[in-house]
Amino acid sequence: MMSKLIFEKSVPGSNTFSLPSCEVQETLEIPADFMRNEELKLPEVSEVEAVRHFTELSKKAYGVDSGFYPLGSCTMKYNPKVGEWAARLPGFANIHPYQPEETVQGALELIYEMEKMCCEIAGMDRFTLQPAAGAHGEMTGVMIIKAYHKKRGDEKRTKILVPDSAHGTNPATANVVGFDVVEVKSNSRGLVDIEDLKAKMNDEVAGLMLTNPNTLGLFEEEIVTIASIVHEGGGLLYYDGANLNAIMGVCRPGDMGFDIVHLNLHKTFATPHGGGGPGAGPVGVKAHLAEFLPVPVIEKKGDKYVLDYDRPMSIGKVKNFYGNFGVVVKAYTYIKALGRDGLKDVAYNAVLNANYLRHHLSKYYHIPYNRLCKHEFIANSKFQLDKSGITTMDIAKRLLDYGYHPPTVYFPLIVNEALMIEPTETESKERLDGFIKAMAEIAREAEEEPEKVKNAPHTTVVKRIDEVGAARNPIVKWEAGK
Amino acid sequence: MMKYTPNPPQVAEEMLRSIGLNSFDDLFADIPEEVKLKRELDLPAGLSEIEVRRELINKARKNITVDEYPCFLGAGAYDHFVPAAVDQILLRSEFYTAYTPYQPEISQGILQSIFEYQTMICQLTGLEVSNASMYDGGTALAEACQVASSGKAKKIIVPDTIHPENLAILKTYAWSGKFSLEVVPGQNGFMDVEAMLGRIDKDTAGVIVQQPNFYGLLESGIEKLGEKVHQNKGLLIMSVDPISLALLKSPAEYGADIAVGDGQVLGNNLSFGGPYLGFFAATEKLLRKIPGRIVGQSVDSEGKRAFVLTLQAREQHIRREKASSNICSNQALCALAATIYLSLIGPKGLKDIAVRSHQMAVYAKNELIKKGFKLKYEGPFFREFAVKMDNPREMNRRLLQHGIIGGYELKGAMLLAFTEKRTKDEIDKLIAVLGGENDE
C-alpha cells in the first residue's frame, strides 16, 4: 500500500494543539514591515493521525532491529537500548549548552572521561568530541594538518594523498579544505602500493589519509613502512576510523604511526545511525598537534571541569557548542558497559564473523582477495555476470526478497561490481548461516531462473525505482494539486 | 559485563575450525607484531546494566536541568516545548536503527519522511528546494558560503550581528577553505547596512544576514542588500529561526537565495548543544549545487509513486574530490523529530508558540523598564533582548542561588530569551532577583 503524504491527510481545523491560557496582556510589538505575508502552509492533522502516519512510515523502513544489515564500512551492529535510556535522562537531555559550568559538571565530566577513553583506545594523546560525523571529523583533521604546516611556514604543501580504495569522503574533504588530491594506487594484493606511494610523496604533500583495515577489509601490513615514508617526507598520517571496529584492543592507530585519527561513534561504539544521522566523529591527535584542536577543550582544574577557549593556535570552531553530546552519552555508556575485555571481544567476533562469511560464500561467489580479512570483505557478481548477466544490483535487490538488508554495493571503486559485506560482531552463527543459505539460493537462481533475480525485488512495497527519471526531472517537495 | 556478541564460546570455536583456523589470535596474523598492543587496554572492566545505569544516573544528577530551574538562556538553543509524541515515534527502531536509505525499496518510510521534511522546510522558508539536513545551523551557514563561492567570486560579507559561534565556524571554514570573509561591525546592535552595501562588488559571492540577529533584534535593509548583491551576481544568504517564521517574513519574501538555520527548536531537546539539525533551503536554480542528501519523488517499475535519494552526482561517494561538499551522514533523526513536531503542532500551533514567546518577552521587557532597567539596544525584537547591567556574571550567580538559570552574558548586558514554556510567575521572579529584591 502506498502511503499518503502527511499533506494529503491535512484536514483544516483538525489540529487541536493548545498552549496554557495567556497570563499577560501584552500584544505584538513587531512592525508590519517584518511580518510574514505568505500563508504558512503546514499540514493540519490531529495527534492520533500524526502518530499513525509516522508509525505507518516506520513499518516501511528497515533497521538493525529488523534484521541482518551487512552494509560494508557502515558497521551496522546492534544498538544497545541502555544507550537510548541514558541519553534521555533529564540531566543530559534537558540542559542548555550555555548554563554556568557549575550546573553542568556531570556533562563536562562525561565528556572529559570520554576523551580519555578514546585516547586509550586509539593510542592518541588528546581528543575533541566536537565533530558531528565522520566526514566532519575528517575535515577537522585535515584542517589540523593545514594548520600544522602553516605554523611551520611550510605552505608549499598543497597536496593530500588518498588511496584509490578510500571512502569518497576522503578526497572530498581534502578538496573542501583547499588541498589537491593525489591518488595512490593499490597493488595486486589490495594494499597501498609502496612504490607508488614513494613516487608520489614529496615536499608538496601535506599528508596521507588512510583507512586501516582498508575498505577491502584488509589490514595494511606495511603500515610501519608507509608511516615512515610519509613522516620522512615531512607529511602527517591521517587515520580514517571507519573500520576501527576490527582492531579494538588488538592494535591502535597511534602505535602504527598515525598523527591524527577520527572515530565514528555511530559505527564502532554502537550509537544508532538514525536513518542518516546524527553520528559523531571525534578527532584525536598526538601531543605535538594538540594545540590545533578546535575550541573549547575540556580541562580539569582541581576537582572542577572547565571549558577552555584560550588556545591561540586552535583551528577555531567547527560546530556550534560542543558537538553531538547526546550521541557521546550513548557511546560512553557502551564503552563503560563493555570495558576493556568487551571491546576486545567485539574485535575478535567481528573478524571471526567476517571470515566465516567470506569462507562459506566463496563457494558461490567470486572473492577477489580471498584471504584472511578483518571486519569486512569484498565479493562480487563475476560468476553470475559471466554466466547469466546477473549484476551486483540484481543480487542486492533479490536479497530484499529474502528479508535482508543488502551489503554495500559498487564500492570500493577498485573492484568491479563489488559487494562489500560487513556482518559485525553482533550476529549469531544462525543468522550468518541463514544469510549464506540465501546467498547460495540466489546463486542457484541466477543460474536456473535468472529472470527472477533480474526483476527482483518481488515482495517489497515498491518495485525497482526509476532513479534516472528522478534525477532528470527532480521533484523534491510536495505541492498542492501536483 | 555487558556483551552483545551472541555466539557462546563453543560456537565461536566451531566457526573458527570451519574456516581452518586453530586459535582466535590467528584472526590477527596479518597484523605486524611490532604494532600489536601487548597489554590490555587501560580501561575499567565492563559493567552490568545495573552498574552502568547507576553510574549514568550519578553523572546526570550533577547537572541542573531546565525542568528544575526555569531557563532564560537562548543564544541559539531554546527551551521550547516538545510534545511527548515526538519521542515515542523517534523510538520506533525501524527509524533509529536504520542507515541512510541507500536501498529505497525497503526504506520508503524514511525516504517519505525526508521528502515531507524537505517540503515543510520549503513551506517555512518560502524557498523551492531543501536538502535532507546538515549538522547544525552554523555548519549549514558555512556550507552556504561554499555554495555561493563555487564560482569566481570568493568574498562573503557578514555582519558581526550574527551568532558568534556561527561567525567562529565561518572563520574556520574560511581560513582553511576557499572563500574569504569580510566581517562588518554593526551599530547599536544592528548590522550596518550602508557599510555592507559599500563592500558589495563583483568579487562578492554572498552576503549573510541573520534574522532575528544574535541580540534578538529584527534587522532592516535586507531587501536593499539583496538587490545589490544580486546586481553583482552574488547570493543573499539568510540565517533564520524556524519558529520565528510562523510570524516573520520568510527568506523568500526577502529575496534570499539560500536560507539556513538551526532546527533544534523544532522538537529537539537542548541536550547540552547537540545533536540538533541544520536546515538548508535554496532557490530551484541552485538545486544541483547544494550540499548533502536530497530525496526526490519518482515512480517504480509498476508506475507507483516512490521516493529515492536523488541528484547523487553532487555527492562525495560518486564525485569524490569534485563533490559540492564532503558531507555524508547528516542529522536525519533530528530532521525526523522536526517533521513529527511540525505535524503535531500545525500551522496555527506554530504561530501560537511564536506569538506567546514574543508576548512573554515583551512582558519581561516592560516590567524591566518599569523597574528602571534599560535595554542595551532599542528596536523591534522577537523572543530575545539584551538588558543592561554592570556585572551579568555576578547577576547570573545570584539568579542561580534563587533557582533560576539566567541569560547569556554580554559585555555590560544580559541576553534574555523567552519561550511559550515560561510563566508569568517565573518572569516576575527573574525580574525581582535582577532588581535586587529577595536578597538574603
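How many nonpolar, polar and charged residues are there in the lining of the second largest cavity? The section on cavities below gives the answer.

## About the model

This is a predicted model, in which local features need pLDDT of at least 70 and side-chain atom pairs count only at pLDDT 80 or more, while totals for chains, interfaces and linings use all residues. Residues are numbered from 1 along each chain as its sequence is written, chains are lettered from A and ligands numbered from 1 in the order in which they are written, and side-chain values use heavy atoms, with hydrogens and water left out.

## Cavities

A cavity is a set of points, on a 1 Å grid over the protein atoms alone, where a 1.4 Å probe fits but cannot get out, and its lining residues have an atom within 4 Å of a point. Grid points are joined across faces, edges and corners, and a volume is the space filled by probe spheres set on the points. Searching the whole structure in this way finds eleven cavities of 30 Å³ or more.

The largest cavity has a volume of about 330 Å³, and among the 25 residues that line it, B:Gly76, B:Tyr78, B:Gln210, B:Val240 and B:Asp241 lie nearest its centre. The second largest cavity holds about 110 Å³ of space, and its lining residues include A:Ile111, A:Phe127 and A:Tyr322. The lining of this second largest cavity has seven nonpolar, two polar and one charged residues, where Ala, Val, Leu, Ile, Met, Phe, Trp, Tyr, Cys and Pro count as nonpolar, Asp, Glu, Lys and Arg as charged, and the others, Gly among them, as polar.

A:Lys4 is partly exposed, because its relative accessible area is 49%, and the classes are buried under 20%, exposed over 50% and partly exposed in between (1.4 Å probe, protein chains only). The C-alpha atoms of A:Lys4 and A:His53 are separated by 8.6 Å, although these residues are 49 residues apart along the chain. Leaving aside neighbours within four places in sequence, A:Lys4 is in contact (heavy atoms within 4.5 Å) with residues including A:His53, B:Gln112 and B:Glu116.

## Helix α13 of chain A

Helices (H or I, at least four residues) and strands (E, at least two) are DSSP runs, numbered from the N terminus. Among the buried residues of α13(A) are A:Leu432, A:Phe435 and A:Ile442, and the buried residues of this helix pack against elements including α10 (325-361) of chain A and α1 (9-18) of chain B.

How values were computed:
On a 1 Å grid over the protein atoms alone, a cavity is a set of points where a 1.4 Å probe fits but cannot get out, and a pocket is an open set with protein on both sides within 12 Å along at least five of seven lines; lining residues have an atom within 4 Å of a point.
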